[in-house]
Amino acid sequence: MRGLSFPQRQVLANFCTNTAVGWFVAGIVTPFLTPATIAELYVRTAWGLFMAYVFLRTGVSLVEE
């Protein structure tokens with residue numbers, strides 16, 4: 001990512017942030033609105049939190065460089 005200019009990294013960081021929001025909604029909010037077992041709720045919540053964290057961390061690291 002070092003070959004990218006700062007504005008290009010900002011665009012990628014914005015994309016990662018939007019993707020993190022998508023994972024948060026899909027993984028955390030949506031399972032509570034649809035019928036699912038308790039195990040599915042735990043798994044979806046864990047994946048949603050994990051993927052949101054990964055994309056947020058990637059976005060932050062792009063801007064920090």
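Phe50 is partly exposed, at a relative accessible area of 44% (buried is under 20%, exposed over 50% and partly exposed in between, with a 1.4 Å probe and protein chains only). The model is predicted, so local features need pLDDT of at least 70 and side-chain atom pairs pLDDT 80 or more, whereas totals for chains, interfaces and linings use all residues. Residues are numbered from 1 along each chain as its sequence is written, and side-chain values use heavy atoms, without hydrogens and water.

The structure holds one aromatic pair. Trp47 and Phe50 form this pair, with an edge-to-face geometry: 5.9 Å centre to centre and 80° between the planes. Rings of Phe, Tyr and Trp (its six-membered ring) pair if their centres lie within 6.5 Å; planes under 30 degrees apart are stacked, over 60 edge-to-face and the rest tilted. Trp47 and Phe50 are three residues apart in helix α2 (residues 38–64), and therefore about one helical turn separates them. Helices are DSSP runs (H or I, at least four residues), numbered from the N terminus.

Helix α1 (residues 6–33) gives the most to a nonpolar patch, with five residues. Val21, Phe24, Val25, Val29, Leu33 and Leu49 make this surface patch of about 540 Å². Patch residues have over 30% relative accessible area and no salt bridge, and nonpolar side chains are joined within 5 Å. Leu33, in helix α1, is exposed at 68% relative accessibility.

Arg9 also lies in helix α1. Arg9 is buried, at 11% relative accessibility. A polar atom of the Arg9 side chain lies 3.4 Å from the backbone oxygen of Leu62.

How values were computed
Helices (H or I, at least four residues) and strands (E, at least two) are DSSP runs, numbered from the N terminus. Patches are made of residues with over 30% relative accessible area and no salt bridge: like charges are joined within 9 Å, nonpolar side chains (Val, Leu, Ile, Met, Phe, Trp, Tyr) within 5 Å. Accessible areas come from the Shrake-Rupley method with a 1.4 Å probe; for residues, only the protein chains shown count as cover. A salt bridge is a side-chain nitrogen of Lys or Arg within 4 Å of a carboxyl oxygen of Asp or Glu. A polar contact is a pair of N or O atoms within 3.5 Å; within protein, one must be able to donate a hydrogen and the other to accept it, and residues adjacent in sequence count only if both atoms are side-chain atoms.
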